[in-house]
Amino acid sequence: MRHTITVFLLATVPYCVAVPGDNIAQGCPYVISQAPGTARSYSDATGTERYRSDSPYRGELTDGKSSADHDRAQVRWQIRYVPIAVTVELGDSKTIDEIRLSPLVALREGGSVLPTRIDVAVRSSQFPYPSWIQVTQWHRPTNAELSPIRISLMPVPASAVRVSIGGPAWQTLILDEVEIIESPAPPTELIPMQDALIEAEWL
């Protein structure tokens with residue numbers, strides 16, 4: 001059996017130099033894949049705009065305040081067996097190199113733990129195709145402590161970022177703030193490779 005597919009290779013092509021270290025997600029609208037809990041302090045109703053399911057809004061997750069700033073409002077989701085995705089719309093394409101999630105905690109029987117897996121995908125007008133491109137996958141380290149999660153990326157252009165939180169089912173998932181850090185380095189361009197071939201054989 002023969003299949004022809006398109007594969008993306010990574011090559012360093014400079015576009016511009018960005019201001020390093022800025023949280024460019026602050027104040028940006030986003031959408032979440034599942035409605036949060038109904039209690040007011042957990043329902044994403046305390047940000048600039050309240051949660052809505054049909055369009056992006058500026059809520060708790062990008063208000064620039066976390067529990068470290070004595071912000072008691074959080075977004076909580078009840079038990080779910082599929083990943084929960086947060087998609088942040090950045091507007092014009094910018095170069096990013098880090099995602100910070102603080103705090104991100106899964107409550108299960110026996111206590112609080114970090115989620116086991118996080119997928120990060122980006123979309124940009126500077127890509128050759130208008131589709132989501134996964135740029136990294138984070139796995140929980142052994143004996144990881146409950147702390148803000150920092151996910152490092154190669155510098156990539158992004159006009160939108162999707163963070164998908166997965167792993168075994170939880171009773172409650174808690175997230176307070178999503179930060180997307182602008183990179184000082186030139187971005188990495190995704191270049192399509194033609195005529196790649198994958199062969200499979202039935203046994």
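1. Glu60 is buried yet forms no salt bridge. Buried means under 20% relative accessible area, exposed means over 50%, and partly exposed lies in between (1.4 Å probe, protein chains only). A salt bridge is a side-chain nitrogen of Lys or Arg within 4 Å of a carboxyl oxygen of Asp or Glu. The nearest side chain of opposite charge to Glu60 is Lys65, 6.6 Å away. For charge, Lys and Arg count as positive and Asp and Glu as negative; His and the chain ends are not counted. Glu60 is found in the loop between β2 and β3. Its side chain does make a polar contact, at 3.0 Å, with the side chain of Thr46. A polar contact is a pair of N or O atoms within 3.5 Å; within protein, one must be able to donate a hydrogen and the other to accept it, and residues adjacent in sequence count only if both atoms are side-chain atoms.

2. **Basis of this note.** This is a predicted model, in which local features need pLDDT of at least 70 and side-chain atom pairs count only at pLDDT 80 or more, while totals for chains, interfaces and linings use all residues. Residues are numbered from 1 along each chain as its sequence is written, and side-chain values use heavy atoms, with hydrogens and water left out.

3. **Overall make-up.** The protein has zero helices and 10 strands. Helices (H or I, at least four residues) and strands (E, at least two) are DSSP runs, numbered from the N terminus. Of the 203 residues, 41% are buried. The accessible surface comes to about 11000 Å². Carbon and sulfur atoms account for 51% of that surface. Accessible areas come from the Shrake-Rupley method with a 1.4 Å probe; for residues, only the protein chains shown count as cover.

4. **Contacts across the sequence.** Take the contacts between residues at least 6 apart in sequence: 82% of them join residues at least 24 apart. Contact means heavy atoms within 4.5 Å.

5. **The core.** The largest nonpolar core has 38 residues. Such a core is a set of buried Ala, Val, Leu, Ile, Met, Phe, Trp, Tyr and Cys residues joined through side-chain atoms within 4.5 Å. Ile96, Ile99, Leu101, Val161 and Ile180 have the most contacts inside this core. Elements giving two or more residues to the core include β3 (75–80), β4 (84–108), β8 (149–166) and β9 (170–182). β4 gives the most, with nine residues. Val161 shows how the chain comes together: among the residues it touches are Val86, Leu90, Ile96, Val120, Trp132 and Ile180. That list leaves out residues up to four places away in sequence.

6. **Ala85 and Val163.** Ala85 sits in strand β4. At 15% relative accessibility, Ala85 is buried. The C-alpha atoms of Ala85 and Val163 are separated by 5.5 Å, although the two residues are 78 apart along the chain. Leaving aside neighbours within four places, Ala85 is in contact with Val31, Ile32, Ser33, Arg162, Val163 and Ser164.

7. **Salt bridges.** The structure holds five. Glu98 pairs with Arg150, with the closest N and O atoms 3.6 Å apart. Glu98 lies in β4 and Arg150 in β8, so this pair ties together parts 52 residues apart in sequence. Glu98 is buried at 12%, whereas Arg150 is exposed at 51%. Shared partners join Glu98, Arg100 and Arg150 into one network of salt bridges. Arg123 pairs with Glu89, with the closest N and O atoms 3.3 Å apart. Arg123 is in β6 and Glu89 in β4, so the pair ties together parts 34 residues apart in sequence. Arg123 is partly exposed, at 26%. Glu89 is partly exposed, at 26%. Glu49 and Arg52 form another salt bridge, with the closest N and O atoms 3.6 Å apart.

8. **Positive phi.** Most residues other than glycine have a negative phi. Asp44 is not a glycine, yet its phi is positive, about 60 degrees. Asp44 lies in the loop between β2 and β3. At 1% relative accessibility, Asp44 is buried. Asn143 also has a positive phi, of about 55 degrees, without being a glycine. Asn143 lies in the loop between β7 and β8. At 73% relative accessibility, Asn143 is exposed.
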